[in-house]
Structures are given as C-alpha cells and as structure tokens.
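Here is a set of questions about how the words used for a structure follow from its values. Each answer sets a value beside a cut-off and then draws the conclusion.

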Amino acid sequence: MDMKASLGMQAYALMRTAAMSISDAVLPPVCLSCHAPMVMHDCLCAPCWGAIDFIGPPVCDRLGIPLPYDTGGLMISAAASANPPDFDRARAVAAYTGTIQKLIHGFKYSDRHDTRRLFGRWLAASGAPLIEDAGLIVPIPLNRWRLLHRRFNQSAILAYEVGRRTGKPVAPLALQRVKATPSQVGLSTKERQQNVAGAFRVPASHRSRIEGRNVLLIDDVLTTGATCNSAARALKAAGAARVDVLALAMVTGTLG
Ligand SMILES: [Zn+2]
C-alpha cells in the first residue's frame, strides 16, 4: 500500500473511531431488552439472556422441536411422522417465550429495529447447517395491507441480515401473497391451515431462480407451521429442490 493510501486508511480509522465514540456518547450501549447499561451495543444483560429458552440438539430433524433425549442419528418426532410437513426441515433460535417474545413483539409492532443485528447473529448460528445447504434465501411476504400498516416486512429484514452475514443471495420478491389472509392470531391449527391454503405463488419472473434450488425460508415466529407449509408448497410447485425454514422463535408444542 502506498503512503497516500495508508494515510487515507489511518484517517478513515480515526474518523470511524471518533464517529463510534460520538454515537456511544449520544446512545450509550444498553441491554436491548431491559435497557440496563452495558459495555457493548447489540447485546443483552445476563438476566435477560438467562430468560431465553434457546433450542439446541436433540431436535426433530423435520420440525426442529426439542426432543427429550438423543439417540445418535437423525431423529424424527412422532408429530412429524404422523403429519409430515411440506417443508423439509425447520429450525428456530428459541422457544417463543420470555425475552425473545418481548424482543420480537417490539421488532414487529413498535418499529424496534435495534434488535436486527442480534437477531441476525442468532439466526446465522442456529441455522448454520440449513444456510450452508441453501442456494437462495426467501422471506415470508406480508400481504400488501399489512405491509402498508407496518411499513416494513420483518421477515425481509431478517432475511437480509442472514444474507449479509453469510453471503447467500436474498430474493425478497420470489414469493407473493395471492390472497389477503386474516391474521393467524387466535385461530386453531385447522383454521390456520384453511386460512393460508393457496396463499402464495412464485411469480413467473422468479421461476428460473427457484427451479432446482435449495430455498431457505425466513419467518419470525413458527406457530403451527401452516404458513410455511403453504409457502413451501408454492416453492416446490415452482421446482424448488428443497425448502427449509429458519425462524427466530417457535411456539413449542403446537408445531405439527
Ligand atoms: Zn436486560
């Protein structure tokens, strides 16, 4: 590197440090959940971290639900055997409870986007094997009305964070909502399935990106899996070789 470039780099580094200290002075690092003072940005304090029920092995290979014991090889839960999902594998960072439930609620409904980097780190770690196999990352789309209401699609933000960290391509428009589905909140499993049946399609402009590819769907919370099943069916109808699902949280005990 010549002297001029080297000086340029030093100046840039100094400016960056100065900018970081200014932003630290304006917005000192706090716990993303309870706002207790912290030494670093984008972190949680120990008690808030402790109130996260992280999902780790052993899990059902299809549904990603925690299993009580490890038998060694690939394990399929009774729920997945009885009622196999249309997606291939699902994984979630944590059970939908405690700190993560609070953080996701803020992210979805209160425009709290300061959590996106932490969410991206978690998704990249929990979904590492799925991300490695993926050729394309696709977020679950919101319908237009809800997009207008919320102004952003939280799954697309998560998909971009995963793409940025892993270098995998993100296709936010590869899935479209073809019908406006009422909110899934408060519906039974059967009602949820009916509500989202045929809700998605792959537009003709995106079929060549889907055909023969392994697709990784990104969602915020997996409840019964009905939405992801419907999305997986649309992607497979468009020729996707495999459809995996990666979510921040999972309502454990209901997926199936
Ligand atoms: Zn805290």
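Q: What makes Asp 42 buried, exposed or partly exposed?
A: In this predicted model, Asp 42 has 15 other C-beta atoms within 10 Å. A residue is buried at 20 or more and exposed at 12 or fewer, and because 15 falls in between, Asp 42 is called partly exposed. Asp 42 sits in the loop between H1 and H2, and its phi is positive, about 60°, although it is not a glycine.

Q: How do you know whether His 35 is buried or exposed?
A: The count for His 35 is 10 other C-beta atoms within 10 Å. Since the cut-off for an exposed residue is 12 or fewer, His 35 is exposed. His 35 also lies in the loop between helix H1 (3–26) and H2, and it has a positive phi of about 65° without being a glycine.

Q: Which peptide bond is cis, and what is its omega?
A: The bond that joins Pro 57 and Pro 58 is cis, with an omega of about 0°. Pro 58 belongs to the loop between H2 and helix H3 (78–82).

Q: Why are the buried residues of H4 said to line one face of the helix?
A: The buried residues in H4 are Thr 99, Ile 100, Leu 103, Ile 104 and Phe 107. Seen down the axis of H4, these buried residues fall within an arc of 125°, so they line one face. The buried residues of H4 pack against helix H2 (46–50), E1, H8, E5 and E6, whereas the face turned away from the buried side carries the exposed residues His 105 and Tyr 109.

Q: Why is H11 called largely enclosed by the rest of the structure?
A: Nine of the 12 residues of H11 are buried, so the helix is largely enclosed. Among these buried residues are Ala 226, Cys 228, Asn 229 and Leu 235. The buried residues of H11 pack against several elements, including H9, strand E5 (214–222) and strand E6 (242–250). After H11 comes Gly 239, whose phi is positive, near 100°.

Q: What is the handedness of the crossing of H9 and H11?
A: The crossing of H9 and H11 is right-handed. Helix H9 (residues 189–196) and helix H11 (residues 226–237) pack at an angle of about 35°, and their axes are 9 Å apart. On the H9 side the contact is made by Arg 192, Gln 193 and Val 196, and on the H11 side by Ala 226, Thr 227 and Ser 230. By class, this contact of H9 with H11 has two nonpolar, three polar and one charged residues.

Key
Residues numbered from 1 in each chain as written. Predicted model: local features only at pLDDT ≥ 70, side-chain atom pairs only at ≥ 80, totals over all residues. Axes fitted to C-alpha atoms, helices over the stretch in contact; angles between N-to-C directions. Helix = DSSP H or I, 4+ residues; strand = E, 2+ residues; numbered from the N terminus. Left-handed = near helix turned anticlockwise from the far one by under 90°. Contact = placed C-beta atoms within 7 Å. Nonpolar A, V, L, I, M, F, W, Y, C, P; charged D, E, K, R; others polar. Arc of directions from axis to C-beta.
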